[in-house]
Amino acid sequence: MSVEGRISVDVLFHDKDGTNAINVVSLQNATAISTGTVAVASGVVGTSAVSVLIDPTTYRDASGNVVSLTYVNQIVFECSAECTVEESSGRAWTRCPANGVSVLGTEQGGIDGFVVGPLGSGTATYTLVMYGS
Amino acid sequence: MSIDGRITVDALFHDKSGTARLKVLSLESSNGYTSGQVVRITGTAGTAATTLTFTDYRDASGAVVSLVNTRKLAYSWSGSTPRKLNESGTTDFRLMSKSGEAAVTNLDGTQPVLQLMAHDTTGTYTVIIWADD
């Protein structure tokens, strides 16, 4: 089963006073994806961290086949309360806001999954989209 | 000097084979900002580890921008293999980027100490930080 998709990030700020010396800072990237493999893991994280494996994942594609990943290029993560998500190796990790989305590149090889950790004392629902091959 | 801005993330994937069992995965977040402070740090980095400083960033009025309650950070690296941006003060995050792909993370409110880790190639980097103070 092949996939098609995109990961786009658009960050733009500008000074809103004055007209002659306005500063604009921006960081924009749109990656179109026409090859590779994608999987999603979702669940609830409480006071203990949750491990998400990439080989195999629990995700099934449209054909009903379990999806496995050897390499992960990027992840996109969403959570209902502030959480962290990191490579199981600990080499890359990001903090995601409540009801927000974080994007993270990875070291690509040599990982077997990700760890979702809570920052507060309650529970949070999370969705982790992993793109790789 | 006041600011206006946005941070938007849009990820969407779909299986491209078949028509009857097409699966779609998507995560999207768009936040608007009408207050706070923002800085940009950009430049060329060699292969050695590099500490990034943003104490000399100036807004459109020429005033030095200083951040207190940092909340969001976006990072991109131009090289074709992932380069890590470390927060070396409190290890608040460890971000990876390659080929201009943007990584976005939350911050814990402290002023981060940013370090590009040693790498095998040179390239350009961009970091944007937003603080809510």
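Biologist: In this predicted model, which residue of strand 10 of chain A does A:Glu78 stand opposite?

Modeller: A:Glu78 stands opposite A:Thr127 in strand 10 of chain A.

Biologist: What makes strand 5 and strand 10 of chain A a pair?

Modeller: Two strands pair if DSSP finds at least two bridges between them. Seven bridges join strand 5 to strand 10 (residues 124-132) of chain A, and the two run antiparallel; they therefore count as paired.

Biologist: How do you know that strand 5 of chain A also pairs with strand 8 of chain A?

Modeller: Seven bridges link strand 5 to strand 8 (residues 100-108) of chain A, again against a requirement of at least two, so these antiparallel strands pair as well. In strand 8, A:Gly105 is the bridge partner of A:Gln74.

Biologist: Why is strand 5 of chain A called mostly covered?

Modeller: Eight of the eight residues in strand 5 (residues 72-79) of chain A are buried.

Biologist: Why is A:Ala39 called buried?

Modeller: The cut-off is 20 or more other C-beta atoms within 10 Å. A:Ala39 has 27, so A:Ala39 is buried. This residue is found in strand 3 (residues 37-45) of chain A, and its contacts include A:Tyr59, A:Leu69 and A:Met130.

Biologist: How many residues does each chain bring to the contact?

Modeller: Chain A brings 51 residues and chain B 50.

Notes
Residues are numbered from 1 along each chain as its sequence is written. Chains are lettered from A and ligands numbered from 1 in the order in which they are written. This is a predicted model: local features need pLDDT of at least 70, side-chain atom pairs count only at pLDDT 80 or more; totals for chains, interfaces and linings use all residues. A residue is buried if 20 or more other C-beta atoms lie within 10 Å of its own, exposed if 12 or fewer, and partly exposed in between; C-beta atoms are placed from the backbone. Helices (H or I, at least four residues) and strands (E, at least two) are DSSP runs, numbered from the N terminus. Two residues are in contact if their C-beta atoms, placed from the backbone, lie within 7 Å. Lists of a residue's contacts leave out its neighbours within four places in sequence.
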